[in-house]
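Colleague: Thanks for sitting down with me. Could you take me through this model and tell me what stands behind each label you use?

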Amino acid sequence: MRHLICVLVALLASLAARAQPEAFPSTYVAPAGQPVLFKNATILTGNGRRLDETDLYVAEGRIQWVGKGEIVSDATEVDASDRWITPGLIDVHSHLGVYPSPGVAAHSDGNEATAPVTAEVWAEHSVWPQDPGFSRALAGGVTAMQILPGSANLFGGRGVTLKNVPSISYQGMKFPGAPHGLKMACGENPKRVYGGRTQAPSTRMGNVAAYRSAWIRAQRYQADWDRYNQAVKDAAAADDSSGASVASALLTNTPPRRNLELDTLAGALRGDILVHMHCYRADEMLTILDMAKEFGYRVGTFHHGVEAYKIADELAENGVCGALWADWWGFKIEAYDGIQENIALVDRPAGGCAIVHSDSDEGIQRLNQEAAKAMLRGNRAGLDIPPERAIRWITYNAAKSLGVHEQTGSIESGKMADMVLWNQDPFSVYAKPMQVYIDGVLRYEENNPSLSPQSDFELGQLIGAKR
Amino acid sequence: MKIKRLLMVLLGSLLLGSTSQAASLLITNGLVFTGDDTPPNQLDILIEDGLIEAVASDLSTAEADQLIDAAGRPVTPALFAGITVAGLSEIGMVYEAVDSRLNELYTGLMHPEFDVRKAYNPLSSVIPVTRIEGYGYTLLAAAFGDRTISGQGSLVRFDGGFDSFEGQTIVFVNVDGYSGSKVGGSRAAHWMLLETAFSSLTTQQGNGLWLTHNEHPLINQTGRATLENARENGIFVFRANRASDILQALAFSQQHHLNAVISGGQEAWIVREELAASGTPVVINALDNLPGSFDGLGARLDNAALLHEADITLLFTSGETHNARKLRQVAGNAVANGLPYEVAIAAMTSLPAEIFGGKPRMIAPGLRADVVIWSGDPLDVSSAADQVIIDGKLDPMTSRQTELLQRYLPTEAGLGRAYINP
């Protein structure tokens, strides 16, 4: 009996001291794929190298080797002469599923625009897995993406990283082990949405005051948990073998009340949740970097960053990525200074981390074309950017921004076999994915209806229309 | 070779900056797309006083004030930027700097007399941003919105002129589901209102026709005059994506003797036989391949190819104004999905002028010299405009964006970027 109490107490203590069990866990399991040998390909590795006339072998969901090695006898052989292979493309900024097609009001689930701080909401709870946009993005070579809440709020909520595999549930798409993102927003959007309701924030200074107030609450929340966990730990260390001190510690130290909003914010302070900050203007981004120092957290990636080129050195020094568009500008005044060399200039400093993002159900289908435009502008400005460098913007750097670069984002042995076989150099308007693999499984093949997934929504439409 | 070419271009820019326009310009060794749907040829182009004087395989003996060796690079007529509000919208969400739309302040349901040309600003930063990417003209639109008729516009050239309008008056009509939901809750309301308005023209009623409901005029005298004139000399651009809406637009246009163009056309491929039979051109965004609304369930990437195969005249628009320069990428994607290359070139150069009544925009003797020398394939994302020539003058190839680049490209800034003034 006494023994049982001890065990119970220990169990309680460990539960109290640890993070909650993972909520809404991934149920994605890659099916077994056929081993494939790609012969004689031009490979852009995703982390800066180009390999010509090179073989590549994929089996058991992983890249087994690049160059030379052993294969199993029944491996499928793909002649990749004159074809190019890149890592699967990754979009760090998508609203597929939360603003799906068709764009009807009842599917508009991307902004919980009812309060400026909604760190408690999770984009994944809005994702409609039947969005036809997922399969279109797959045909464009996208193998993983982060689905983010919108930018109406200062803290918009958690983003989720998905593998681009069709599923009935988002759990069936969830990238195993990928950290959550925290979507935050600078500038016009939050102050317009709430200022328009004569509610805070209505100014940029109101934006910053509200972020800081929220971080202060998160710090306090974290301190409460730290204090509680420490007390339980101390009691366990001083265990008199009866468990009485632990029991007493648990009784005298009521665990702090769990708060979903502060769970997210504290997770960002601890670095368990990666911060994705929608911000256009250079001066605002610098303000945010100072705020991050004040509260001791890291800004992982600035999104949109239309003026990021003005502070490319500061971004590189702080190890912050810029997830940017190739050519969007002028749709609002904080986007007035957009230039087509933005991505190339953010990529220029040592340690620069440039990413091409879409924020668009059209752009996500053509990340290679968007990167091509940015590469062209960099080269015309004299920056000398070869394809093996530019491909990082839509593969490895994107994986790094999402915290999944150990698993995917480059062609290296041991990594997930997330890859695209292109009909030609991908930096062209005429380039098309011929095959797309996710975890070594062929998930899309051009002109092959049996490997062109369709969402439930698309079935049975336009019956009677002549084809 | 490349340096020599650059020098000559630079020299041309200097000349342009320091003096008035050069009287003559010779472009040699261009891979010249004349602007129709024929394949390109290696040609020289002689330009005098803003007009194309000669196009031939060897004009090297011709005397000219300026020479550009195109060195085999493609040369096209300056491109069409699509249906835009360039010069009407400096910044999308700065509403006092946007003049493309008539809002609810003005009473009445239908105002075809609303003429956006009155608000056109050729000094908008959007114009050079677009022009230096190889674009010479656009169809200036009264923005599609929540009214049955948005207003009127026309072609406008990107030559910096305050009144560089061309061609026929274009009236913009919305018959899609979204605008229908704002007008009486049904797209059928559009046809009800249009039928009433056009019937009032034929019956020659004296005063404006009045709706009993709220006593709002459906259309006033000026508006009726606009419709009368446009029916005689203008074109009606119907915004429609759904197959059934396109057919209604065709039937209505036939009944009321309108020159019609369909804009949107996501499901045009479904009714391509009817479109072909009526000879109605279609303006599409060739990137549309998602069911963005229930009007576009049939959106598909090979729409352009299917319409062309059915002998339908095709144009492109991107739906963008600030990023209208994206349109050649749109056309390139149409080619990547089955549209013949030269057909896409014609759709991007001469055809829009032809359809909307502008002056011919080809590379041919006697025509205005609006041409572009490209670094490579003009429809590919891997190339850009090297030199834009408008009215025979070398464009300085500067915009607000090139000046920002010049300010931020240097790694050292001295006293600060504000002191780097290009």
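Colleague: How many residues of chain A are in contact with chain B?

Modeller: This is a predicted model, and in it 38 residues of chain A are in contact with 33 residues of chain B. A contact here asks for C-beta atoms within 7 Å. On the side of chain A that touches chain B, H2 and helix H10 (367-380) are the elements that give two or more residues. H10(A) gives the most, with five residues.

Colleague: Which classes of residue make up the side of chain A that touches chain B?

Modeller: That side has 18 nonpolar, eight polar and twelve charged residues.

Colleague: On to the whole chains. Why is chain B called as compact as a globular protein of its length?

Modeller: Chain B has twelve helices and 18 strands. Its radius of gyration is 23 Å, close to the 22 Å that the globule rule gives for 422 residues, and therefore chain B is as compact as a globular protein of that length. Along the principal axes, its C-alpha trace spans about 70 × 50 × 40 Å.

Colleague: What share of each chain counts as buried?

Modeller: In chain B, 54% of the 422 residues count as buried. For chain A, buried residues make up 54% of the 467 residues.

Colleague: And what share of the contacts joins residues at least 24 apart in chain B?

Modeller: Among contacts in chain B between residues at least 6 apart in sequence, that share is 68%. In chain A, residues 24 or more positions apart account for 70% of the contacts with a separation of 6 or more.

Colleague: Now some backbone details. Why is Phe24(A) called partly exposed?

Modeller: Phe24(A) has 13 C-beta neighbours inside 10 Å. Exposed would need 12 or fewer and buried 20 or more, so a residue in between is partly exposed; Phe24(A) counts as such. Phe24(A) lies in the loop between helix H1 (2-17) and strand E1 (36-44) of chain A. Although not a glycine, Phe24(A) has a positive phi of about 50°.

Colleague: What makes Asp391(B) partly exposed?

Modeller: Asp391(B) has 18 other C-beta atoms within 10 Å, so the label is again partly exposed. Asp391(B) is found in the loop between strand E17 (385-390) and strand E18 (393-394) of chain B. Asp391(B) is not a glycine either, and has a positive phi of about 55°.

Colleague: Which residues does a cis peptide bond join, and what is omega?

Modeller: One such bond joins Ala200(A) and Pro201(A), with omega about -5°. Pro201(A) is in the loop between helix H3 (188-195) and helix H4 (204-237) of chain A. The peptide bond from Ser101(A) to Pro102(A) is also cis, with omega near -5°, and Pro102(A) is in the loop between strand E6 (89-94) and helix H2 (133-139) of chain A.

Colleague: Finally, how do you know that E1(B) and E2(B) pair, and do they run parallel or antiparallel?

Modeller: Pairing requires at least two bridges, and seven join strand E1 (residues 24-32) to strand E2 (residues 41-48) of chain B, which run antiparallel. The bridge partner of Ser24(B) in E2(B) is Glu48(B). E1(B) also pairs with strand E4 (residues 66-69) of chain B, in the parallel sense over four bridges, where Thr28(B) stands opposite Asp69(B). With strand E5 (residues 74-77) of chain B, E1(B) pairs in the parallel sense over two bridges, and Val32(B) stands opposite Val75(B) there.

Notes:
Residues are numbered from 1 along each chain as its sequence is written. Chains are lettered from A and ligands numbered from 1 in the order in which they are written. This is a predicted model: local features need pLDDT of at least 70, side-chain atom pairs count only at pLDDT 80 or more; totals for chains, interfaces and linings use all residues. The radius of gyration is taken over C-alpha atoms; the globule rule is 2.2 Å times the number of residues to the power 0.38. Two residues are in contact if their C-beta atoms, placed from the backbone, lie within 7 Å. Ala, Val, Leu, Ile, Met, Phe, Trp, Tyr, Cys and Pro count as nonpolar, Asp, Glu, Lys and Arg as charged, and the others, Gly among them, as polar.
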